Amino acid sequence: MPSHRETASEDGTAPGPVVVMDTDDLAVPDRFGWWNDMVGQEVMPVSIRSPHARRFRGRVEAVGLPHSQVAAFGFSALTAHRSPAHIRRADPENYFLVLVREGVVRLEQAREVACLGSGDMALFSSSRPLGCDFLDNGGSVRLTLLRLPRALLPLADGRADRLLAEPLPGTSGSGALLGPYLTSLPEAAHTAGPAELARLGAIGVDLAASLLATRIGDQQSLPAETRRTALLARISAFIDSHLGDPLLDPAAVAAHHHISVRTLHHLFQGEPESVAATIRRRRLERCHAELTEPGPRHRTIGETALRWGFRHPADFSRAFRRMYGVSPSEVRATVR
């Protein structure tokens, strides 16, 4: 019986980049042994034990990226151990950044111990002995792993090893972007084309590298392109969270990120649109989404425009018609 299935591409004609593997495809007695083998192949060889071995359940949704991988796991509680013997037999020389989404994880490596709960992140390596306790607290363990090949991570001389089994900040800087990225990527990958998926993969690696470099105070060792990608991701998130502010403009974006307006425009030279065009498009998209919502209308068109940062109704109507070819009132009338 097949133990994995590849999702179809957007046109339904060929396998896509997302591979789903589920123990529900197997007979109950075979599930735990299969899970052990799968982890050894997809992550790294380890020894695992579980109080739920006889009724084990697990599912993984893995996104293959050009130079890395993001995999969302859900499984019954277990303990995993990687010994020096495992490392001698096979070492893929990978780092893994783990984001805990549900449950409690106790991670021990390099004489450090991290106890992680929902929303916490940490780094571990395939090249050091490792102990992991995945505790369910009454439910399944859910986590996401970002695989980072050692040769790919732009931190020389094994400097990332300083951060093994250390809780990483997930509420500020690159960490605040990396958590949502890891959570949303498997779903986004179902419809992403190869070029977009490659870009998303590069963003994830750059965000992780920026997070780790900041943690050890070594940002200047990162390549300029890595720093640029991480800064653009932070700027994009800032724009999204401040679209309703009518004062949001390139000057405000530059000031918040402690760069000049000229530097900001230079950053966007390689992007499909300028900073101001990005802000305007995203505001219009929010307005369009709100105007096409079914059900009772709690806001007028003018209130919707103001809610998303347009101070002048006439300017909003002209920009909306240029983008969508119809007026805001025509869109709303069509929905009704």
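1. Strand S11 contributes three residues to the lining of the largest cavity, the most of any element. Helices (H or I, at least four residues) and strands (E, at least two) are DSSP runs numbered from the N terminus. A cavity is a set of points, on a 1 Å grid over the protein atoms alone, where a 1.4 Å probe fits but cannot get out; lining residues have an atom within 4 Å of a point.

2. The model is a predicted one, in which local features need pLDDT of at least 70 and side-chain atom pairs count only at pLDDT 80 or more, whereas totals for chains, interfaces and linings use all residues. Residues are numbered from 1 along each chain as its sequence is written, and side-chain values use heavy atoms, with hydrogens and water left out.

3. The count comes to one cavity of 30 Å³ or more. The largest cavity holds about 290 Å³ of space, a volume being the space filled by probe spheres set on the points, with grid points joined across faces, edges and corners. Its lining has 19 residues, and those closest to the centre are Val39, Val43, Ala80, Phe134 and Leu145. Two or more lining residues come from each of helix H1 (31–42), strand S5 (69–75), S6, S8, S11 and strand S12 (141–149).

4. An open sheet is formed by five strands in the order S3-S6-S11-S8-S9, with antiparallel pairing; two strands pair if DSSP finds at least two bridges between them. Strand S3 (47–49) and strand S9 (112–116) stand at the edges with a single partner strand each, so one side of each is left without a neighbour in the sheet.

5. Strand S8 (residues 104–109) runs antiparallel to strand S11 (residues 130–135), and six bridges join them. In this pair, glutamine 109 stands opposite leucine 130 of S11. S8 also pairs with S9 in the antiparallel sense, over five bridges, and leucine 107 stands opposite alanine 114 in S9. S8 and S9 form a hairpin with two residues between them, and alanine 110 in the turn has a positive phi of about 55°.

6. The largest pocket has a volume of about 940 Å³; a pocket is an open set with protein on both sides within 12 Å along at least five of seven lines. Of its 29 lining residues, Arg199, Ile203, Ala233, Ser236 and Arg282 lie nearest the centre. Helix H3 (173–189), helix H4 (194–215), helix H5 (224–241) and helix H8 (275–291) each supply at least two lining residues, and H5 gives the most, with eight. The lining of the largest pocket comprises 15 nonpolar, four polar and ten charged residues.

7. Confidence should be read alongside these points. The chain averages a pLDDT of 87, and 92% of the residues score at least 70; pLDDT is the predictor's confidence in each residue, from 0 to 100. Among the elements, strand S1 (residues 4–8) has the lowest mean pLDDT (46), and strand S6 (residues 78–82) has the highest (96).

Technical notes: Ala, Val, Leu, Ile, Met, Phe, Trp, Tyr, Cys and Pro count as nonpolar, Asp, Glu, Lys and Arg as charged, and the others, Gly among them, as polar.
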